[in-house]
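Let's talk through the pockets in this one. Have the sequence and the model open while you read.
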Amino acid sequence: MLRRDEDGFIVTYDPERASLDTAAVLARVLLSSEGVTVFEVILEGHDPDLTALYRAASKLLLDVEITSGPRITEPTVKVRSQEPTQATYFIPEGWELSDALDRLPAAFAGARPEVARHLKRIERAKRTSDGTMDRALDVVARLVLETDDPNGVYDEVLQLLHQIHTEQTTAAPTTSVA
């Protein structure tokens with residue numbers, strides 16, 4: 001069951017009928033069909049390590065799947081066919097979740113290296129901006145994740161900033177002194 005709650009959505013599922021992994025993926029797909037991108041999954045009433053793992057993975061637009069298959073022997077990010085922005089973080093069943101969380105950045109970088117490099121650059125920029133640009137840089141990071149086109153995002157942002165600067169310059173009031 002999916003319902004809106006102020007600025008977010010709440011998903012309730014029956015663990016007897018569906019796994020947490022399945023419920024989270026279905027909610028993401030349903031919201032995506034409505035034009036909503038899920039940038040943060042917060043679990044309530046679950047193991048703290050599982051909650052931290054889902055939250056960190058969701059910030060990278062990753063689904064999480066804990067699998068018992070023999071093909072996954074360590075945590076890994078797999079990108080779905082032709083859509084690099086749709087990926088899953090596969091974790092072998094029984095794997096230590098805190099270790100899987102620690103391995104997440106490297107697994108993500110292995111699957112989407114260019115995006116990972118740009119996200120690191122954005123994080124460095126946030127640290128040097130003393131908090132003044134955090135929200136704007138978070139938006140840039142999300143756009144990079146969504147589009148898989150860092151250079152295109154930067155070009156669009158610079159063009160937008162140039163337009164705003166030009167509009168402010170031409171709209172500046174003039175004063176005359178008599």
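A quick definition to start: helices (H or I, at least four residues) and strands (E, at least two) are DSSP runs, numbered from the N terminus. This is a predicted model, where local features need pLDDT of at least 70, side-chain atom pairs count only at pLDDT 80 or more, and totals for chains, interfaces and linings use all residues. Residues are numbered from 1 along each chain as its sequence is written, and side-chain values use heavy atoms, with hydrogens and water left out.

Q: Which element gives the largest share of the lining of the largest pocket?
A: A pocket here is an open set of points on a 1 Å grid over the protein atoms alone where a 1.4 Å probe fits, with protein on both sides within 12 Å along at least five of seven lines, and lining residues have an atom within 4 Å of a point. Several elements supply at least two lining residues each, including β2 (8-11), α2 (48-59) and α5 (134-147). The largest share, eight residues, comes from α1.

Q: Where does the largest pocket lie relative to domain 1 (2-111) and domain 2 (115-169)?
A: Domain bounds come from an automatic or database domain assignment. Both domains give residues to the lining, so the largest pocket lies between them.

Q: Which elements give two or more residues to the lining of the second largest pocket?
A: This pocket is lined by 16 residues, with Arg28, Ser32, Thr37, Thr85 and Gln86 nearest its centre. The elements that give two or more are α1 and β5 (83-92).
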